[in-house]
Amino acid sequence: MQGGLRGNFHARYYDTLDCACLATNLNPNCQYDAGQFGEPTKKHEVCNPGDKVAGPEPRKAPANKIAFTGVGDWACPNGRRAPRACLFRVDIEDRSEPGGSHPKGATPPADRYRIRIWVLTTAELAQLRNPSNGLLSFRNAISACHGVDFLDGGAVASNGALCDQNNCSGDICTGEGATGTITFPGGTPVRRPNIDDGGELERGNHQIHPSIKNCDPFNPTGPGLPGPG
């Protein structure tokens, strides 16, 4: 931002990832219809083949929406990142080409991007570091599978705000003082994030590519779940 950084974030562990193949029309609850084949995901097929408006083509891929969550490090300006000091969720839509909605325009709808960061309070950090707790209830509530076929995850705030309403709360350095809740469809309420940024991409382009590894849940190839610390 003009005037200097507001903070410093680094993703450390990924908890969940989900994808979907979506159309462009929204119902009043901010939920998209499924893509051409009437299914929310096309794990081993092309999403919306030949459709360069709904996306993700021209790069053929099985999805035009991806969401992922995890645990990261966070620091306020001029500070060092504290290990595992936040949770995060990212929602991305790969739509028409080029992806931005910049002046002079592009084919609508624009690509979308939304990141929510929950800077952990002292109590939440203690739960995360407790092997018998791990802050799993919080991490499960923001899971990528909740609301993957909704605009920006479809989180509804306790004041009824939904769709593209940004809902920040509390201190961005400590997470303390957060008020209000949001609920992702299928999840349980969690406090509002301390950082909530995104919307239509103005410039640039998001591009979802086919997976490069077999995502077999019974034979994972990742580093495993994070331990306490």
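This is a predicted model: local features need pLDDT of at least 70, side-chain atom pairs count only at pLDDT 80 or more; totals for chains, interfaces and linings use all residues.
View 1. Strands (E, at least two residues) and helices (H or I, at least four) are DSSP runs numbered from the N terminus, and two strands count as paired if DSSP finds at least two bridges between them.

**View 2. The pairing of E1 with E4.** E1 and E4 run antiparallel and are joined by 11 bridges. Phe9 has Trp74, in E4, as its bridge partner. Strands of a sheet pair through backbone hydrogen bonds, either parallel or antiparallel.

View 3. Contact means heavy atoms within 4.5 Å.

**View 4. Gly50 in the loop between E3 and E4.** Gly50 lies in the loop that links strand E3 (32–34) to strand E4 (65–75). The relative accessible area of Gly50 is 60%, so this residue is classed as exposed; the classes are buried under 20%, exposed over 50% and partly exposed in between (1.4 Å probe, protein chains only). Gly50 and Lys60, 10 residues apart in sequence, have their C-alpha atoms 9.0 Å apart.

**View 5. Asn167 in the loop between E7 and E8.** Asn167 is located between strand E7 (156–157) and strand E8 (181–183), in a loop. Asn167 counts as buried because its relative accessibility is 7%. Beyond neighbours within four places in sequence, the contacts of Asn167 include Ala157, Ile182, Arg192 and Asp196.

**View 6. The protein chain as a whole.** The protein chain has 2 helices and 10 strands, in the sequence pattern β-β-β-β-β-β-α-α-β-β-β-β. Of its 229 residues, 41% are buried. The accessible surface, by the Shrake-Rupley method with a 1.4 Å probe, comes to about 11900 Å², of which 53% belongs to carbon and sulfur atoms.

**Notes.** Residues are numbered from 1 along each chain as its sequence is written, and side-chain values use heavy atoms, leaving out hydrogens and water. Local features need pLDDT of at least 70 and side-chain atom pairs count only at pLDDT 80 or more, whereas totals for chains, interfaces and linings use all residues.
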